[in-house]
There are 2 protein chains.
Amino acid sequence: MKQGRSARIHLPLGFCFSSAVAGIKASGRPDSALVEAAAGATAAALFTKNRVVAAPVEVGRKFLARSRGRVRALIVNSGNANCATGAAGLRHCLRVCSQASRLLRARTEEVFPSSTGIIGVPLPVEKIIARLPDLIANQARTEASVLDFAQAIITTDTRPKLASARFHARRRTVNLLGIAKGSGMIHPQLATMLVFLFTDIAAKPAELKRVLRDVSKETFNCISVDGDTSTNDTVLLMASGASGVSLRETDVQTSFRKVLREICRSLSEQIVSDGEGVKHVVRLRVEQARTRDEAVQVARTIAHSLLVKTALAGADPNWGRILAAVGRSGLLVDPHRISIYFGGQLVCQRGQGHAFNSQHVHTEMSKPKYEIRIQLGQGHAACSYLTTDLTAEYVRINAEYST
Amino acid sequence: MKQGRSARIHLPLGFCFSSAVAGIKASGRPDSALVEAAAGATAAALFTKNRVVAAPVEVGRKFLARSRGRVRALIVNSGNANCATGAAGLRHCLRVCSQASRLLRARTEEVFPSSTGIIGVPLPVEKIIARLPDLIANQARTEASVLDFAQAIITTDTRPKLASARFHARRRTVNLLGIAKGSGMIHPQLATMLVFLFTDIAAKPAELKRVLRDVSKETFNCISVDGDTSTNDTVLLMASGASGVSLRETDVQTSFRKVLREICRSLSEQIVSDGEGVKHVVRLRVEQARTRDEAVQVARTIAHSLLVKTALAGADPNWGRILAAVGRSGLLVDPHRISIYFGGQLVCQRGQGHAFNSQHVHTEMSKPKYEIRIQLGQGHAACSYLTTDLTAEYVRINAEYST
């Protein structure tokens, strides 16, 4: 698998990329982007669970249903989330889609919209529409155009986020490319994780949806920085079919799932690592749970605990805070069965402190990335969950911003 | 009502207080305390909902059941939580109670234990037992002894927390006194909110329990600093009966509830205001909910949001973060019905931004205490919920501590 901006990209067939400066961002950086897919491309998407959703989420969900999973183009803008913008926000979003579809000679519902940026400010719709002809004219199937696309969709991210991979099946090659946006922390009025996944496999929308849901459950749904859910979160998977390989075959599906999971896992890590003020990324490994869902419930409670997150910032092996978080997770746990490891080091055995070399543990916890293992002593299910520390810098960044 | 350490105290009849230095705290400050109640005193208690509970919580719960709500003495130590200490922790707790009961000529199950402080370290039981004779000999019914008691039960609190009040019924006087410990934030391995309430009313344990549960629901269960639940949280209400007034009469009960609510509300505010690094205490007022429970669910989600708490630290009227928190509260809300006020100032009307004087709002949000009102547009239920900002100082304090 290739990841990060410097690696070469496995570019799926059947997609062209472009980006432009529409003048939405005050910085004058690229803030609008387009992907056009070959005719017949299919798609599936997952959206934020927040009840307050941005206009593009409402429109995108409706269009996907109406087109029965056919998507010819993706139009993204950064710098404005088009959220809490009322009926005007919906009209603006529809205008962008209908204008783009006219220029692309596609149906309106085959244009998938996506926005990220400030909440509660009207979308500068004319600026976007004015750039559509250029966005369409300048499309390319090059690494440079993909990197520019990745750059155009970010907001306060410090770096673009990409991962790609390929596998071979039926003597052909299937390519997968993922591009993400999100800096782990949800930002001052700048929210959102956006993930766009492209592949040249041939698949029905329902097949894509199933794979996407399963893989997201283990990747994007197992990361946490500040526990807040954005109003715009979107994960979109588009399949052009241009590889000539079909997802229907069992062995192909196994390979595809595996590679898609790798890509989503990489993008998850890139998002979490890029969180504001993040000094440590910690993989919580919850083991010996009765079910995977229960393991996730425990992991999520630990991942969201302010006390745990501040202890991680101080590289402090404060297992009492983790034990207390497990205790309030809502699960029926027996504290006398719980053991906790920092790195490979046992620090709490069956609910009581276990003597450990604090220098060793402190060194381990000073690494930018390490693992904490929690054994519940109840069963055989497990999960991995990525979390971060909470630093004074995060608070400073998020508090000092003023509207 | 009297509150704070400087005000005069309405001292309930039938209770004597004492405190001592047992040498548990490294600082050499008072760390053990005793209250003896008149024979026949009744009691009710509420405990932490955490599944991981300290030994004194386990013992206190069992003793209250066994004695059918009779409590003759309360023995508290600070500096050690006696939590995650296994079977030895339970034995230590029982030894303290049995030794105290022998000296007091009471039954063991009539001695209620309580501990707060570091987790996972064996309780220095001999040090406490060595001080029991002095604690019993030095009991007094004076303001000074009450203030010393309040001082002896705190850990990292910056000040002791007291509130007292009285009311008249049947030409007699009923006194209520509350003493609390807890600095809002749960501390580095120093956890816990402890609240001890004393009154000279005459009441059955079941009556006390009912009133205590109702009042706590509106006070101690409606505050949040960091969302973590301690392993030792305890609220104990003791009634000596010495006033000669019975809780059974309807009018007495009304007065008693009202005064108890005032005291618990005051102690709640004192706890939240004393949180580490807290610069702003904010009263979240959620209105127009279908039910009070739904209002609390929304308030709790806002109160725990890192994004909201950091915005409060920066005195930033970032209503988009509050709207997003309402959206992920789990409630079926319609964003287009939600309005938000900072102080008296409307900032979001029916889901969209409303022009406001940002200087006015910033001034309001710079106060140490103010109100944010959220109207859901769904019904007529409401709740108040106290939360705090999250400052870089909090993170520094909680991160820089190292075991």
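Okay, quick definition before we start: a helix axis here is a line fitted to C-alpha atoms, over the stretch in contact, and the angle between two axes runs from 0 to 180 degrees, going by their N-to-C directions. Keep in mind that what we're looking at is a predicted model.

So, let's look at two helices in chain A: α8, residues 306–313, and α9, residues 319–327. Their axes come within 9 Å and cross at roughly 155 degrees. Anything over 145 counts as roughly antiparallel, so α8(A) and α9(A) are roughly antiparallel to each other. The crossing itself is left-handed.

Which residues in α8(A) and α9(A) meet? From α8(A) we have L307(A), V308(A) and A311(A), and they meet R321(A), I322(A) and A325(A) from α9(A). Sort that contact by class and you get five nonpolar residues, one charged and no polar ones.

Now over to the sheet. In general, strands of a sheet pair through backbone hydrogen bonds, parallel or antiparallel. The one in chain A is an open sheet of six strands with mixed pairing, and the order goes β14-β13-β12-β15-β11-β16. At the edges sit β14 (352–353) and β16 (381–388), and each of these pairs on one side only.

Let's stay with β16(A) for a moment. How many bridges join β11 to it? Seven, and the two strands run antiparallel, with β11 covering residues 281–289. As an example, V281(A) has T388(A) in β16(A) as its bridge partner.

Last stop: helix α7 of chain A, residues 292–304, packs on this sheet. Helix α7 touches β11, β15 (369–375) and β16, and its direction makes about 20 degrees with that of β16(A). That's my tour, thanks!

Key
Residues numbered from 1 in each chain as written. Chains lettered and ligands numbered in written order. Predicted model: local features only at pLDDT ≥ 70, side-chain atom pairs only at ≥ 80, totals over all residues. Helix = DSSP H or I, 4+ residues; strand = E, 2+ residues; numbered from the N terminus. Parallel < 35°, antiparallel > 145°, perpendicular 65-115°, else oblique. Left-handed = near helix turned anticlockwise from the far one by under 90°. Contact = placed C-beta atoms within 7 Å. Nonpolar A, V, L, I, M, F, W, Y, C, P; charged D, E, K, R; others polar. Pairing = 2+ DSSP bridges.
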